[in-house]
Each structure stands twice: as C-alpha cells, then as structure tokens.
Amino acid sequence: MCLHNFNSQVVERHNKPEVEVRSSKELLMTAVVVSRNEKEKVLIEPSINSIRISISIKQADDIERILCHKFMRFMMMRAENFIILRRKPVQGYDISFLITNFHTEQMFKHKLVDFVIHFMEEIDKEISEMKLAVNARARECAMEYLKRF
Amino acid sequence: MAKNTFSSEFRNIDVDQYNEDNYKDDDGEPQSPPIGVDEATIVSLMNAGNHADALKLLLANAPVASKGKNEQAKDMALNLVLKVLLSVNKSQMDQIISSLDKTQLDVLMKYIYRGFERPSEGSSAILLIWHEKVYNAGGVGCIVRVLTDRKRV
C-alpha cells in the first residue's frame, strides 16, 4: 500500500482521491480481482493516492441475503466512525472501503491491512450466527403460538 | 463586434484534450503483437502431458498491450492459458514454476489475476494454489508489477 499525497491535476488547490474521480488514466493502476468462487470475491482498485477495496459476501439463501443487506446498511450508515468505510458499495459488491494517503499517514499500514482481513473473517461468522438466532427465535415464537391449538 | 462573436460553437470544444502535456497511453506501439500460438499446438502438447512447454510457449507469445488494444487476441490467449493452468496438478506446479524466469513469472501472475475475474466451477481454488506458489517464487514485487504495468495481458 504505497500511497502518496497528490494534488488534483484538474482543479487547483483541490486534493481528491483519484480512484473515485477517475479523471486521468495515468494515475490509475490495474484493478485486480481475487475470488474464492463465483459468489465470493474481492475487487482491489489502486491509484496514486487512494485504494478502493470492494467485497462481495457469500449469500446462499434469501435469509442470508436480507441479513447481509441489513448488516451492511447498518455499518455503512455509521461509516464516519469506521473512517475508511465507504457509504455506498461499488456496483456489484456488498461493501467497499476507501483508503487514502491521509489515512495511511495517520494510521499504521499493517494495522489497516489486518483490519480489513479481520473484517472479512468476522463477517461470515456474524452472518451465520445471526441466521441461527433468527431461526431459533422463529421456532420459539411458533411453538408458543401453536400451543394454543 | 457583434458579427464575429455571433457563433458560440467554440464553447463546445474541450480545450484540455489539445493540451500538449496530456498523457498518451500508447506511445510507440505501431507493431501489433505476434498473433500468438495457435490452439492446435497447445492441445497437442497438453495431450502429450507436456504442460510445462505449453505454458512456456503461451507465456513467451503473450499479447501484452495497453488497455483497449488487441482485446480479441488477449481473450483467446487467456482461454488457452487458463486451460493449461487448470489441467496441471499440484505436484507439477513447483517444477514448472522453478523453470520460469522473472518476466515469465510476471506474465503468469497477470494471467492468474485475469483468471480470477472469471470464476468457474473449481477454477478459483486451483488459481489460488498457483497464486501462492508464484508469490513464493516471485515475491511482493511480482504482484506490484502486475498492478503498475500499463501493458495489460
């Protein structure tokens, strides 16, 4: 993760994350995808002063789809507290991170990398736990209700 | 004065594109890359079990060019390379990788990443194993060269 401060070439006195603006070809680097299977992949788009990392999470059935969507929305609404989270995911993915040179100047790079990896590991666990909890609660409710009959 | 400022067509021109400082992506690419290896040779090499040579042949003739150029040749080459990569089994991988030199390792890494973009049944698992082995051989520099090289495979 080698990010340098780079003022905007288009507008003077502005400093924008080039991966978001995409105005000059020479500032963007090759976007790279790493996938485990068709459902799970990670898209990494580097540029001279920023990196965008987008994750697509495995969603096997409808319940997981809804849970994943709500969970991601919950976190993206509180994106300011996460600092590097993007408020909207990139088209085709579930969640996106935007890391700029200012972030790498203030925070340790290896810690940022560890955070993203830890995040990916925890997400799947969290969603399975939530799904189990939802199913357990539904079963309890149904049992209580049907005791009357 | 009203006459020569009548037409406002000049306002529609994007003056920035004529700026001589603009970055031109395709400096000095008049010659088209070699057509590449034809499929029959590769298939015959693969049937003979000689995956190492098939791979080396493909890597040596890889049509690398900046984005947007020669897409057809690149796609055909990609399909062939993926076929070879997916048919090699783990024990042979180490042998093949140790016989490649630095530039070939870089091109191989580029193909692995392009292979990730199109995951098919079971392909990603094998590509992940390839990726790990090539990384052990090429190091972080190999991956960085994939990211920064303007000539895409």
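This is a predicted model: local features need pLDDT of at least 70, side-chain atom pairs count only at pLDDT 80 or more; totals for chains, interfaces and linings use all residues.
Colleague: What is chain A made of, in helices and strands?

Modeller: Chain A has 5 helices and 4 strands. From the N terminus the order is α-β-β-β-α-α-β-α-α.

Colleague: And what does chain B have?

Modeller: Chain B comes to 6 helices and 2 strands. Along its sequence the pattern is α-α-β-α-α-α-α-β.

Colleague: What radius of gyration does chain A have, and what would a compact globule have?

Modeller: Chain A has 20 Å, while a compact globule of 149 residues would have a radius of gyration near 15 Å. Along the principal axes, its C-alpha atoms fill a box of roughly 75 × 30 × 30 Å.

Colleague: How much of chain A is buried?

Modeller: Of its 149 residues, 38% count as buried. For chain B, buried residues make up 35% of 153.

Colleague: What about the accessible surface of chain A?

Modeller: About 9,700 Å² for chain A, with 57% belonging to carbon and sulfur atoms. Chain B comes to about 9,400 Å², with 53% from carbon and sulfur atoms.

Colleague: What share of the contacts in chain A is between residues 24 or more positions apart?

Modeller: In chain A, such pairs account for 52% of the contacts with a separation of 6 or more. In chain B, 75% of the contacts between residues at least 6 apart in sequence join residues at least 24 apart.

Colleague: Changing topic. How many salt bridges are there over all chains?

Modeller: A search of the whole structure finds 13. Side chains of opposite charge can pair when their charged atoms come close.

Colleague: Which residue does A:R52 form a salt bridge with?

Modeller: A:R52 pairs with A:E20, and the closest N and O atoms are 3.2 Å apart. A:R52 sits in strand β3 (residues 50–56) and A:E20 in helix α1 (residues 18–21), so the pair ties together parts of chain A that are 32 residues apart in sequence.

Colleague: Is A:R52 buried or exposed?

Modeller: A:R52 counts as buried, at 8% relative accessibility.

Colleague: What does A:E64 meet in a salt bridge?

Modeller: The side chain of A:K131, at 3.4 Å from N to O. A:E64 is in helix α2 (residues 62–77) and A:K131 in helix α5 (residues 109–146), so this pair ties together parts of chain A that are 67 residues apart in sequence. Both residues are buried.

Colleague: Which residues do salt bridges with shared partners join into one network?

Modeller: A:E20, A:R22, A:E45, A:R52 and A:R86.

Colleague: Where is A:E45, then?

Modeller: A:E45 is in strand β2 (residues 41–46) of chain A. A:E45 counts as buried, at 8% relative accessibility. Its side chain makes a polar contact with the side chain of A:R22 at 2.9 Å.

Colleague: What else does A:E45 touch?

Modeller: Leaving out residues up to four places away in sequence, its contacts include A:V19, A:A31, A:S50, A:I51, A:R52 and A:S54.

Colleague: Where is A:T30 found?

Modeller: A:T30 is in the loop between α1 and β1 (32–35) of chain A. At 12% relative accessibility, A:T30 counts as buried.

Colleague: Last one. Which residues make the nonpolar surface patch?

Modeller: A:M1, A:V113, A:I117 and A:M120 make a patch of about 280 Å². A:I117 lies in helix α5 of chain A and counts as partly exposed, at 39% relative accessibility.

Conventions
Residues are numbered from 1 along each chain as its sequence is written. Chains are lettered from A and ligands numbered from 1 in the order in which they are written. Side-chain values use heavy atoms; hydrogens and water are left out. A salt bridge is a side-chain nitrogen of Lys or Arg within 4 Å of a carboxyl oxygen of Asp or Glu. Buried means under 20% relative accessible area, exposed over 50%, partly exposed in between (1.4 Å probe, protein chains only). Patches are made of residues with over 30% relative accessible area and no salt bridge: like charges are joined within 9 Å, nonpolar side chains (Val, Leu, Ile, Met, Phe, Trp, Tyr) within 5 Å. Accessible areas come from the Shrake-Rupley method with a 1.4 Å probe; for residues, only the protein chains shown count as cover. The radius of gyration is taken over C-alpha atoms; the globule rule is 2.2 Å times the number of residues to the power 0.38. Contact means heavy atoms within 4.5 Å. A polar contact is a pair of N or O atoms within 3.5 Å; within protein, one must be able to donate a hydrogen and the other to accept it, and residues adjacent in sequence count only if both atoms are side-chain atoms.
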